[in-house]
Amino acid sequence: MIATEAFLGVRAAREVSFRVIASPAGNYFGGELKPVSIWISREYARAGRGGTGAAKCGGNYAASLIAQQEADANGCKQVLFLDHFNDDAVEELGGMNVFFVMKDGSLVTPALSGTILEGVTRMSVIQVAKDMGREVSERKSTLDEWRDGVASGEITEVFACGTAAVITPIGVLKDATEFIGAEDATAGETTMAIREKLLGIQTGTVEDTHGWLTHLAKPNSVPWV
C-alpha cells in the first residue's frame, strides 16, 4: 500500500493504492530446504514499544537491515532480535516469527507484545499444530531458555515462519560469544510435518477446513498473451 496523492509533508496519507503481487516462489533462502544459521543481535532492536512492531509495514523491515548486514558478514541467513529490557526475551527474526518444539511434542512461541509481528503464518502454524493435536503456548521465552533447552534436550527443534519462508528450520543460533545448536542439524520431524500440512492447504492438496483460501480467478479464465 503506497500513498498516491500529490503532497509533500509528514502526515497519514489520504489517498492510497493497495496492490498485490501474485508470483510463483521457491525456497526463500535458495537451494534445498535445510536448517539455517541465525545471528544474535546484541545492539539493535527491530521495533520499540508503542511503535509499529505488530504491523507488517516497511519501516519495521528497514529497521532490521543494519543488523541483517552484521548477520550476513558472519555467514548467517537471518538475525534474532531480543528484548534487552526484559531478560533478553526472544522477539523474532528480521522477517519471521520463532517457534520451539518441546520434547513433549508441544510448541512454544513468544507471546505478542506489540513489538512482535502478528503474522498470518504465525497464526496459521498455531492452528495447524492444534489441528494435529499439539499444545501451543504463547508466552515469554528468553535466550537463556533457548540455550539451556537445547543443551538439556527440552527443546528438540526450532523453526521460523513467515509469508515468504513458510516454515524454515533453524540449526544454529550464534554470535561472537554464543553457539547454540549444531551446524550439521537436519530438519526436525515436527517442523516438517507442520510445514507439509500448511503447504498442502496453501496448494490445495490438503483440505482447508478453516476457510482460509479464496479463489481469485477460475482456471483458464485469464487469457495469456
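Glu145 is partly exposed, at 25% relative accessibility. Its side chain meets that of Arg139 in a salt bridge, 2.7 Å from N to O. The model is predicted. A search of the whole structure finds eleven salt bridges.

**Salt bridges**

- Arg139, the partner of Glu145, is partly exposed, with a relative accessible area of 30%.
- Salt bridges that share partners link Arg42, Asp144, Arg147, Asp175 and Glu178 into one network.
- Arg122 and Glu138 also meet through their side chains in a salt bridge, at 2.7 Å from N to O.
- Arg122 sits in helix H2 and Glu138 in strand E8 (residues 136-139), so this pair ties together parts that are 16 residues apart in sequence.
- Arg122 is buried, at 4% relative accessible area, whereas Glu138 is partly exposed, at 43%.
- Arg11 bridges to Glu5, with the closest N and O atoms 3.1 Å apart.
- Arg11 counts as partly exposed at 31% relative accessibility, and Glu5 counts as partly exposed at 22%.

**Nonpolar cores**

- The largest nonpolar core has 22 residues, of which Leu80, Leu93, Phe100, Trp146, Ile170 and Leu173 touch the most other members.
- Elements that each supply at least two residues of this core include strand E3 (36-40), strand E6 (97-102), helix H3 (143-152), strand E9 (155-162) and strand E10 (166-174).
- Another core, of 15 residues, lies apart from it and includes Val101, Ile126, Ile167 and Ile201.
- Beyond its neighbours within four places in sequence, Leu173 contacts Ile38, Ile40, Leu80, Leu143, Trp146, Glu178, Phe179 and Ile180.

- Strands E4 and E5 pair in the antiparallel sense over three bridges.
- Leu80 stands opposite Leu93 in E5.
- Five residues lie between the two strands of this hairpin, and Asp87 in the turn has a positive phi of about 60°.
- Five of the five residues of E5 are buried, so the strand is largely enclosed by the rest of the structure.

**Surface patch**

- Met1, Val16, Phe18 and Val20 form a nonpolar patch on the surface, with about 510 Å² of accessible area together.
- Phe18 lies in the loop between strand E2 (16-17) and E3.
- Phe18 is exposed, at 66% relative accessible area.

**Around Asp131**

- Asp131 belongs to helix H2 (residues 120-131) and is partly exposed, at 35% relative accessible area.
- Not counting residues up to four places away in sequence, Asp131 touches Lys197 and His210.
- Asp131 and Thr209 are 78 residues apart in sequence, with their C-alpha atoms 9.9 Å apart in space.

Notes
Residues are numbered from 1 along each chain as its sequence is written. This is a predicted model: local features need pLDDT of at least 70, side-chain atom pairs count only at pLDDT 80 or more; totals for chains, interfaces and linings use all residues. Side-chain values use heavy atoms; hydrogens and water are left out. A nonpolar core is a set of buried Ala, Val, Leu, Ile, Met, Phe, Trp, Tyr and Cys residues joined through side-chain atoms within 4.5 Å. Buried means under 20% relative accessible area, exposed over 50%, partly exposed in between (1.4 Å probe, protein chains only). Helices (H or I, at least four residues) and strands (E, at least two) are DSSP runs, numbered from the N terminus. Contact means heavy atoms within 4.5 Å. Patches are made of residues with over 30% relative accessible area and no salt bridge: like charges are joined within 9 Å, nonpolar side chains (Val, Leu, Ile, Met, Phe, Trp, Tyr) within 5 Å. Accessible areas come from the Shrake-Rupley method with a 1.4 Å probe; for residues, only the protein chains shown count as cover. A salt bridge is a side-chain nitrogen of Lys or Arg within 4 Å of a carboxyl oxygen of Asp or Glu. Two strands pair if DSSP finds at least two bridges between them.
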